Amino acid sequence: MSQTSAPHKRRMLHRVGLAGFLGMGLLLATPEARAFCGFYVAKADASLYNETSRVVMVRDGNRTVIGMLSDYKGPLKEFAMVVPVPTILGRDQIHVAERAVFDHLDAFTAPRLVEYFDEDPCAIRRRSLEDRMVSAPAAAGSKRSGLRARKLGVTIEAQYTVGEYDILILSAKESGGLETWLRQNGYRVPAKARKALAPYIRTGHKFFVAKVNLGEQARTGLQHLRPLQFAFESPKFMLPIRLGMANAQGPQDMLVYAITRKGRVETTNYRSVKLPTGKQIPVHLKNDFKAFYKAMFETAWKREDRRAVFTEHFWDMGWCDPCAADPLSPDQLRQLGVWWLDAPGEAPPPGVPSGRRRAAPWSGGAVDAVVTRLHVRYTAKTFPEDLVFQETKDRENFQVRFVLQHPWRGSSECTEAGSYREALRKRQEEEVRTAANLTGWPVERLRRGAGMGPAPAPTPWWKNLWSR
């Protein structure tokens with residue numbers, strides 16, 4: 001048995017070994033309204049958070065394909081995961097995907113920062129100042145292990161090797177027996193596992209257990225784990241997250257990319273809240289956008305009493321405006337599990353505005369898929385239930401974006417230029433107040449970053465009381 005430092009063990013136990021998402025990471029017993037006219041600057045993708053789970057859910061009717069991209073960074077021989085699933089999965093219901101398409105989907109849906117530039121006010125006298133200043137919108141067991149399992153009320157329903165993973169499908173009669181079986185077979189099980197497993201056993205769930213087959217992993221030549229996908233049918237549109245809390249040391253972040261046919265996806269048992277969008281923020285935050293976005297999300301999370309699911313993106317998969325990345329092609333969507341697309345063709349889908357970036361090659365008709373990106377930060381206390389979803393009829397595109405409006409720095413003099421400079425001062429004050437409200441950062445810190453100096457002293461309330 002290898003010797004592992006206590007801090008390293010804690011880090012590994014904190015991992016949720018499946019796109020961090022639903023199951024518990026069990027370690028082996030080794031220790032906007034306006035058309036876009038600016039340009040894209042930066043994005044807040046999954047790499048923004050150190051331990052962010054990524055789950056792709058493709059759903060239509062009772063059919064579901066779930067893809068999980070693990071954020072596990074420890075030794076591969078110490079990786080394993082357990083995921084509750086509603087039915088016994090056959091070998092052909094399980095697939096190993098390529099990470100690149102998950103990364104592309106993340107980039108396509110990521111919150112972004114865009115920038116615009118004010119024009120010379122003296123060169124556009126006929127355009128109203130109001131129009132110019134408006135903000136942009138925004139593992140296979142042996143026969144002996146099978147006998148031991150049955151004594152504990154655990155049944156090995158199926159076992160496969162899929163790509164670089166050894167996979168078992170288990171059922172159990174009671175959580176204590178399953179916990180004992182896992183321990184006996186080399187899994188480091190969290191202390192709270194028995195309690196977390198019990199609800200899934202009561203409802204007849206099976207358990208998808210995966211380890212890395214080191215020999216097969218070596219043949220891939222990859223140093224990272226590829227995503228695992230599985231397909232099944234169930235009337236429940238849900239994502240089990242309670243097991244993932246059994247070995248968590250604090251709040252966990254999870255990104256869910258729900259791909260459906262018609263409308264935006266939201267949770268039914270927790271509040272679904274759209275994050276702020278279209279807000280103008282000080283230009284100097286261009287170089288600090290990641291810190292700004294993390295602080296903004298933290299502030300929004302606390303304002304919602306740490307119990308909301310946040311919508312970061314909802315858009316048709318055929319186009320975008322603006323694009324942080326090209327839309328996914330029909331072939332990439334199929335890789336994610338979108339089974340209903342037509343055969344590839346050449347004609348673009350009807351109704352896509354001209355001049356927007358679109359996916360290519362096109363399917364035979366419209367790209368009949370939309371994606372909702374949800375960001376969840378959860379603990380056992382704030383999210384005591386699994387996530388339950390519904391597809392709504394909402395088709396209004398939404399993306400989280402923040403705007404930089406660069407001021408005009410010319411020296412032209414005209415009536416409009418004087419008015420512009422006065423309006424600019426007011427706009428910059430408003431940008432600072434907006435950023436402070438979104439992040440909780442001190443106003444004076446933001447003013448210094450913007451090179452604005454101290455805020456002017458407020459006018460006494462009585463100053464103009466009798467002078468009107």
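This is a predicted model: local features need pLDDT of at least 70, side-chain atom pairs count only at pLDDT 80 or more; totals for chains, interfaces and linings use all residues.

Colleague: What is the bridge partner of Gln-159 in strand 9?

Modeller: Strands of a sheet pair through backbone hydrogen bonds, in either a parallel or an antiparallel manner. Here, Gln-159 has Leu-168 of strand 9 as its bridge partner.

Colleague: In what order do the 4 strands of the open sheet stand?

Modeller: The order is 5-11-9-8, with antiparallel pairing. Strand 5 (80–85) and strand 8 (154–162) each have a single partner strand, so they form the edges, and one side of each lacks a neighbour in the sheet. On average, neighbouring strands of this sheet are turned by 20° against each other, direction being ignored.

Colleague: Which residues have the most contacts inside the largest nonpolar core?

Modeller: In soluble globular proteins, nonpolar side chains tend to be buried together. In this model the largest nonpolar core comprises 42 residues, and those with the most contacts inside it are Ile-167, Phe-208, Leu-228, Phe-230 and Leu-387. A second, separate core has 27 residues, among them Val-58, Val-101, Leu-336 and Leu-341.

Colleague: What percentage of the protein's residues is buried?

Modeller: Of the 468 residues, 54% are buried. The protein exposes about 21,100 Å², of which carbon and sulfur atoms supply 50%.

Colleague: How many helices and strands are there in the protein?

Modeller: The protein has 11 helices and 24 strands.

Key: Residues are numbered from 1 along each chain as its sequence is written. Side-chain values use heavy atoms; hydrogens and water are left out. Helices (H or I, at least four residues) and strands (E, at least two) are DSSP runs, numbered from the N terminus. Buried means under 20% relative accessible area, exposed over 50%, partly exposed in between (1.4 Å probe, protein chains only). Accessible areas come from the Shrake-Rupley method with a 1.4 Å probe; for residues, only the protein chains shown count as cover. Two strands pair if DSSP finds at least two bridges between them. Axes are lines fitted to C-alpha atoms, for helices over the stretch in contact, and angles run from 0 to 180 degrees between N-to-C directions. A nonpolar core is a set of buried Ala, Val, Leu, Ile, Met, Phe, Trp, Tyr and Cys residues joined through side-chain atoms within 4.5 Å.
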